[in-house]
Every structure is written in C-alpha cells, then in structure tokens.
Amino acid sequence: MLYICLCTYSFATIFTESKQQRDMNSLQKSTEYSWKIFGGFHRALILTINWNIVLHCIYSGMGLDADFEAYAKKHLPKTTWDFFAAGADECCTRDGNLLAYRRIHFRPRILRGMSVIDTRTMLLGTEISFPVGIAPTGFHRLAWPDGEKSTARAAEAMKTCYITSTYSTCTVEEIAAAAPNGFRWFQLYIHRNRALSEGLVRRVEAAGFQGLVLTADLPYPGKRRDDIRNSFQLPPHMTVKNFEGEESCTEYGLPPNSIDPSVNWNDIYWLQSLTRLPIIVKGILTKEDADLAVRHGVQGIIVSNHGGRQLDGGPATIDALIEIVDAVQDRAEVYLDGGIRTGSDVLKALALGAKCVFLGRPALWGLTYKGEEGLREVLQILHDEFRLSMALAGKIFLLFD
C-alpha cells in the first residue's frame, strides 16, 4: 500500500493506492485511489500522482537551479564537486528528496483577489522576507574566496536566516562582522572535547547569533563513497577556522574522530545550561523523536536527512514532515531541508506544515557562480517563484491567515 498525505494547516487529504502493477510500464497506467477527507477548512492544496511526470523527472534532471548546478559542476574541481554533490552509499535518499516533490500537485483556488501577495513569515519571533533560509553546509571557501562571509551578506541582503556551520572556513566573529545586521543561527556538533563545544556556544552567543541548531543525526559520518575514492581533504591553504589553534586536523580537514557518538537527549539540558539561545534540533525524521525533542524543551525542529549524506534508505524529508507536524501540534516550530529546488517546492512544504525551508546545495551553487551576488540571485529566483506559486494557488498571506 502507498500512503501519501498533503495538508494545509487544518485541511488534509489522504490518498490510498488500491491497485498498481509492479513493472515500470504500469507507472504510466491509471491507478485507482480511495480517499478520505478530515478536518474542515478550505485551503489551496491536495496531493495526486501523475506517474508520467515522475518518470520524466527521473530521466530529465528537471529543476529551477539546473543552470547554477551545471555551472558549479563545470567550474569546481572534481573533488570539490563530488564533496558538495554526493550522498551516502547509493544516494537513494539524496535522490528521493528531489523526486518526492514531483509527486505532489496543487488544487488551486481562484477569484481570491491576488493583487497583493505577502511572503513574509516569522522564525521564533524574528520576521524574514520569505520562508527560505540557508542551511548549514561546511567549507564555503571551496566555492568562493570569501566563503561564509559572502553567504552571510547574501542572507542579510535578502532578509532571511543563515544557519552557519561549525565547519566554516571563516570564524563566527568574521561572519558576524561581514553582515552585522543579519539574522543568523549557529549549527553545532557536540565534540568529545566538550570544552571545545562549550567555547563555540559562548562565542556565537557573544557574536550575536540568535539560535543554536544541534545536528543530531551524525554520531558517525555516513559512507560517502566519492569522498573515499577522492581521499577528500581541505586544500593546505584552507582551515576550519573555528578550530584554529585547538588541535591538529586530519580527517576531512577536521580534528580526527572529534564528534561525540555518545550524545543523547540529556545533552539538550547540558546545552540549555550553557546558553539562553533557543535550541533547534536538526535531523529528526520520526514522530517519536519529534515528541522527545519537544519534551526536552527545544523550540524548533528541522526535518532533515542531512541531504542524503547519512543513512541511505531513509525517507525523503517532505514525506517525513506530515507525521512530525502532527506529533508536535504547535509546541515547537517545524522546518525542513532537502530537495527544495523551486518556489512551488517551498509552497508544498509549507502546505504540509513547515514554517520555513532551508537550502543546502543550491546555496553552494550560487556561491560558486558569483559569490554573494550569485547566492542572492538563487534566493531571488526562489522568492519570485514562491510568490507566483502563492498567487496561482490562491494563497495571499503567510503571517495572517
């Protein structure tokens, strides 16, 4: 049985597949669905499947940022491209993140007075211009000389949130100085050397970061075959600046075996003892872990599978989102990363209950293209497409309705 859900706030439709052949040819034949509607509010979206579109996407590589991706692949060194692009093992989860959006269709509303469209939303009380932020990814100087400083400036210019990676090639202080009015969170791995992690938390709070994002899905790095084949390391002239002077770096340009695999839910309390910053947990894919996160006092959850770079064979994030939103029940804000390539993808994620989505690889492609300007262009395209999708779907506001 195939179960697929799409909801817009208090409206939901569930489709249950009743008949499907097992061979690929059957994907192009008609399928029969039973459906049940529950809740009771008219909103803009439901979900259907068109197998022709699914097959077309598999073979054509469709996506808004295809031009940026192609540019990055052409101009980056192969080892760098492979590091940014690859997933774990056979890359099934990485690819599944993209394909999952192609299964979702809109049910648009018309004659709703769409002369004014408002894309603003709030993240933990801070307004952003539209619900797309920049996810934490490492080593931005591999893409552009100014690295994370350019990323921070682009996010500030677009009035959105940038989650800075622990493994940045600029220090948190340099990033804050580059965009002093920017809205930033900091992504944290908890290291075996707890003093190192504690020091980072205190530094980011002093530098004016406004949230702490704990990545929880990496007790050990996933098996990224391309990186193993390439023996990936940072170039000699580049360092993980937040670790400079702490200890020697060898593995991925990082302290060897530095991430603490013993991290558990009690470490949320440890972090809360260190900082007044709101804590967001990244890497949740099940309702059980979402409930535990809320019970431990986190203010936000990022539904994430690490861009398909950790456990291969897990769910696409958009598929995991619905049960997590249902479990949280407004006790925390829920965000999502993975697979976002178009403005309509953003609207689909919001329709399922996400407050905001975060971009990983497309941000790196924009940086590779033209630094701050290139990333701003990626964000502007997504903003414009999202606004158009809202208008065509009959959705006027995010903040007020």
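Modeller: Here are some questions and answers about the chain, its helices and a strand.

Modeller: Bear in mind that this is a predicted model, in which local features need pLDDT of at least 70 and side-chain atom pairs count only at pLDDT 80 or more, while totals for chains, interfaces and linings use all residues. Residues are numbered from 1 along each chain as its sequence is written, and side-chain values use heavy atoms, with hydrogens and water left out.

Colleague: What share of the residues in the protein chain is buried?

Modeller: Buried means under 20% relative accessible area, exposed over 50% and partly exposed in between, using a 1.4 Å probe and protein chains only. The protein chain has 401 residues, and the buried share is 54%.

Colleague: How many helices and strands are there in the protein chain?

Modeller: Both kinds are DSSP runs numbered from the N terminus: helices are H or I with at least four residues, strands are E with at least two. Counted that way, the protein chain has 13 helices and 13 strands.

Colleague: Is strand β8 enclosed or open, and why?

Modeller: In a regular strand the side chains alternate between the two faces of the sheet. For β8, F183, W185 and Q187 are buried on one side, and R184, F186 and L188 are buried on the other. Six of the six residues in 183–188 are buried, so β8 is largely enclosed by the rest of the structure.

Colleague: Which residue stands opposite W185 in β8?

Modeller: Strands pair if DSSP finds at least two bridges between them. Strand β7 (residues 161–164) runs parallel to β8, joined by four bridges. Opposite W185 stands I163.

Colleague: Where is G211, and what is its relative accessible area?

Modeller: G211 sits in the loop between α7 (194–206) and β9 (212–215). Leaving aside neighbours within four places in sequence, G211 is in contact (heavy atoms within 4.5 Å) with R184, W185, F186, L277, P278 and I280. G211 is buried, and its relative accessible area is 0%.

Colleague: What separates the C-alpha atoms of G211 and P278?

Modeller: Along the chain, these two are 67 residues apart. Their C-alpha atoms are separated by 5.1 Å.

Colleague: How are α12 and α13 placed relative to each other?

Modeller: Axes are lines fitted to C-alpha atoms, for helices over the stretch in contact, with angles from 0 to 180 degrees between N-to-C directions. Under 35 degrees counts as roughly parallel, over 145 as roughly antiparallel, 65 to 115 as roughly perpendicular and the rest as oblique. Helix α12 (residues 343–351) and helix α13 (residues 361–393) pack at about 60 degrees, with axes 7 Å apart. The two helices are therefore oblique.

Colleague: Which residues of α13 make the contact with α12?

Modeller: On the α12 side, the contact is made by G343, S344, V346, L347 and L350. On the α13 side, the residues are L382, E385, F386, S389, M390 and A393.

Colleague: How many residues of α12 are buried?

Modeller: The helix is mostly covered, and the buried residues include D345 and K348. The count is nine of nine.

Colleague: And how does α5 lie against α13?

Modeller: Helix α5 (residues 148–158) packs against α13 at an angle of about 25 degrees, with their axes 9 Å apart. That makes α5 and α13 roughly parallel.
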